[in-house]
Amino acid sequence: MPNMTFITPSGDRVEVDAPIGLSVLEIAHRNKVELEGACEGSLACSTCHVIIEPEWYDLLSGATEDEEDMLDLAFGLTQTSRLGCQIIMTEELNGLVVRLPAATRNMML
Ligand code: FES
């Protein structure tokens, strides 16, 4: 079983199983990692924003234009930002490391 690591805003590393075919968002939810994903992966929010560790970024298949548009709305956008619901786990991504941004734009609190 491949695995992946989430780095929380406070710097903790959470290593979890990452079944092939699941999105990073689904993997986060299965493991109670706090990644929101308000639209459940339909590219209608940017609350699943994650920051890919640079060494992994080029291994991901490119973002679609729709994803780019949504990402532009994400709070704290970086050069290696992606939407977690659009990254699908593959064998190649075994060991993937992503950071959770400190804040998202969904100000529901
Ligand atoms: S969960 Fe809304 S865009 Fe990813």
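Good morning. Strand β1 (residues 3-7) and strand β2 (residues 13-17) run antiparallel and are joined by five bridges. Strands here are DSSP runs of type E with at least two residues, helices are runs of H or I with at least four, and both are numbered from the N terminus. Two strands count as paired if DSSP finds at least two bridges between them.

Please note that this is a predicted model, in which local features need pLDDT of at least 70, side-chain atom pairs count only at pLDDT 80 or more, and totals for chains, interfaces and linings use all residues. Residues are numbered from 1 along each chain as its sequence is written, and side-chain values use heavy atoms, with hydrogens and water left out.

Let us stay with the hairpin. Phe 6 has Val 14 in β2 as its bridge partner. Five residues lie between the two strands, and Gly 11 takes a positive phi near 95° in this hairpin.

In general, strands of a sheet pair through backbone hydrogen bonds, either parallel or antiparallel.

I turn now to the protein as a whole. Its secondary structure consists of three helices and five strands, and along the sequence these follow the pattern β-β-α-β-α-α-β-β. The C-alpha trace spans about 35 × 30 × 25 Å along its principal axes.

Of the 109 residues, 44% count as buried. Buried means under 20% relative accessible area, exposed means over 50%, and partly exposed lies in between, for a 1.4 Å probe and protein chains only.

Is Glu 67 buried or exposed? Glu 67 is buried, because its relative accessible area is 2%. Leaving aside neighbours within four places in sequence, Glu 67 is in contact (heavy atoms within 4.5 Å) with Leu 43, Arg 82, Leu 83 and Gln 86. The side chains of Glu 67 and Arg 82 are joined by a polar contact of 2.7 Å. A polar contact is a pair of N or O atoms within 3.5 Å; within protein, one must be able to donate a hydrogen and the other to accept it, and residues adjacent in sequence count only if both atoms are side-chain atoms.

Thank you for your attention.
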